[in-house]
Amino acid sequence: MYQQYAEVASVSPQTGSRAGGTVLTITGRGFPTLTPDSTETVTVTAAGAPCRVLSSNFTTVLCETGPASVLVPGYRAPVPAGGLKGLYPAMRGIEYELYNA
């Protein structure tokens with residue numbers, strides 16, 4: 001088993017409709033490449049709402065936002081000083097190898 005955390009470098013656009021339908025481009029590195037026969041998954045949420053993944057490769061994820069579940073007038077997601085950063089540095093993971101003797 002192996003798990004890696006992707007590193008997010010940018011998300012655009014930074015604003016969109018609360019009704020959903022905005023296509024987000026998430027760039028960085030370490031995202032899984034999705035193919036029709038892939039067993040890997042990518043899950044994205046934006047403002048607490050699911051974002052339907054349209055495509056994913058090592059450096060880019062495209063997803064379409066769903067409607068926001070709670071409307072807060074004037075709400076803008078905080079962006080830390082220095083820009084948006086992933087939760088984990090990329091390429092961390094754990095690998096287990098099991099052998100039958």
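What you are looking at is a predicted model, where local features need pLDDT of at least 70, side-chain atom pairs count only at pLDDT 80 or more, and totals for chains, interfaces and linings use all residues. Residues are numbered from 1 along each chain as its sequence is written, and side-chain values use heavy atoms, with hydrogens and water left out.

**The whole chain**

The protein has seven strands and zero helices. Both kinds of element are DSSP runs numbered from the N terminus: helices are H or I with at least four residues, strands are E with at least two. Of the 101 residues, 17% are buried. Here, buried means under 20% relative accessible area, exposed over 50%, and partly exposed in between, using a 1.4 Å probe and protein chains only. The protein exposes about 7600 Å², and carbon and sulfur atoms supply 57% of that. Those areas come from the Shrake-Rupley method with a 1.4 Å probe; for residues, only the protein chains shown count as cover.

Strand E3 covers residues 23–29.

| Strands | Bridges | Direction | Residues standing opposite |
|---|---|---|---|
| E2 (residues 7–12) and E3 | five bridges | antiparallel | Glu 7 and Arg 29 |
| E3 and E6 | five bridges | antiparallel | Thr 27 and Thr 60 |

**The disulfide**

A search of the whole structure turns up one disulfide, meaning a pair of cysteine sulfur atoms within 2.5 Å. Cys 51 and Cys 63 form it, with their sulfur atoms 2.1 Å apart. The pair links distant parts of the chain, 12 residues apart: Cys 51 sits in strand E5 (residues 49–56) and Cys 63 in strand E6. The link is right-handed, with 85 degrees about the S-S bond. Both cysteines are buried.

**Thr 65**

Strand E6 (residues 60–65) also holds Thr 65. Is Thr 65 buried or exposed? Thr 65 is buried, because its relative accessible area is 13%. Leaving aside neighbours within four places in sequence, Thr 65 is in contact with Gly 20, Gly 21, Thr 22, Leu 24, Ala 46, Pro 50 and Cys 51. Contact means heavy atoms within 4.5 Å.

Technical notes:
Two strands pair if DSSP finds at least two bridges between them.
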